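Me: I would like a close look at a single part of this model. Please keep the answer plain.

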Amino acid sequence: MYYIGVDLGGTHMAVGVVDAGGTIIAKAETPTLPQRPYQELVADMVKCMYTAMEKANVKEDEIASVGIGIPGVADRNGVVVFCTNLGWHDIPLREEIQKHINKPVFIDNDANVAGWAEYAAGVSRNTDTSVFLTLGTGVGAGIIINGKLWAGRHNVAAEYGHIIINADNGEKCTCGKTGCTERYCSATAIIRMGREACEKNPDCLLMQRCGGDVNKLNAKHVIDAAKEGDAIATGVFNRYAEYLTIAVNNVISFLDPDMIVLGGGVSHAGEFLLNAVRERLPKYHMFKTLPYAELRQAKLGNDAGFIGAALLGINQ
Ligand SMILES: [Zn+2]
């Protein structure tokens, strides 16, 4: 049997047909155009599923289930309760999809499904318990406990980015709270810290890299300049790495998993970033002589979204 997965993003949706091991058989994509009625969006989504099936040369009766990763929260009835990027509120997504295709439909948060993909087909494949952290515009997470994706009693677990790590004078977060983890550990955080450094040091290398316009500074500028040994960029990177280490240590202290996987844009810094965190971790450990979670880079990249969504069908 095969599984269909959809990574439903704000600008486009990626659809894939995968086998039970998470190997991609075929993929397709189409614009999301989120402003339109959701029924039209779902009709396009299903059309895209059939395109992917055709490319894969897989028939509908060979498909076991359909999974959707959404940048939001769905309840156990397949209703999207909340999805800011799409402007969705209480959308009966499963019911609408099943009007077009008669398969079991599973819906979960995009970071949860990316974590599930890394467990089912990626870097954390042979672990029992792992935590996936995606370091992008925000910080998302996916928790796998004893080989099962942990969504929480109300499907809102793993909102790791919004756990407060700085209650006093914390940075304001998009969620309304202040001092959330994602204000310090996301790509957005590196950019903010980089801009602060540029303002203090207008002649610095980072300022050159962004062409003198701090609004054009991105996380890669900072990481690349730090890799080259530039002192100011290294200062910014070290500050970021310290926060990320605290976030990783918080996961270890709370859950003690086998592995912590870093994904998302910032994780492309690779071993440079992983080693910076690994070096800093020991000083935060409670039990210094005991072994602790391995820290690894995600390996499925952007495809993790639809692979994990597809493989929600094997999490049941
Ligand atoms: Zn927050």
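Which residues line the largest cavity?

Reply: The model is predicted. The lining of the largest cavity is made up of G72, V73, A74, I107, D108, N109 and N155. A search of the whole structure finds 1 cavity of 30 Å³ or more, and the space in the largest cavity comes to about 40 Å³. Two elements each give two or more residues to its lining: β5, which covers 73–74, and β8, which covers 105–109. Of these, β8 supplies the largest share of the lining, with 3 residues. By residue type, the lining of the largest cavity holds 3 nonpolar, 3 polar and 1 charged. As background, empty space left among atoms shows up when a probe the size of a water molecule is rolled over them.

A further point concerns the cysteines. The search of the whole structure for disulfides finds 0. A disulfide needs two cysteine sulfur atoms within 2.5 Å. For C198, the closest cysteine sulfur belongs to C204 and lies 4.0 Å away, so that distance is too far for a bond. C198 is also buried, with a relative accessible area of 1%. For C210, the closest cysteine sulfur is that of C198, at 5.0 Å, and this is again too far for a bond. C210 is buried as well, its relative accessible area being 5%.

Technical notes: Residues numbered from 1 in each chain as written. Predicted model: local features only at pLDDT ≥ 70, side-chain atom pairs only at ≥ 80, totals over all residues. Heavy atoms only, no water. 1 Å grid on protein atoms, 1.4 Å probe; cavity = no way out; pocket = protein on both sides within 12 Å on 5 of 7 lines; lining within 4 Å. Points joined across faces, edges and corners; volume = space filled by probe spheres on them. Helix = DSSP H or I, 4+ residues; strand = E, 2+ residues; numbered from the N terminus. Nonpolar A, V, L, I, M, F, W, Y, C, P; charged D, E, K, R; others polar. Buried < 20%, exposed > 50% of the residue type's maximum accessible area, 1.4 Å probe, protein only.
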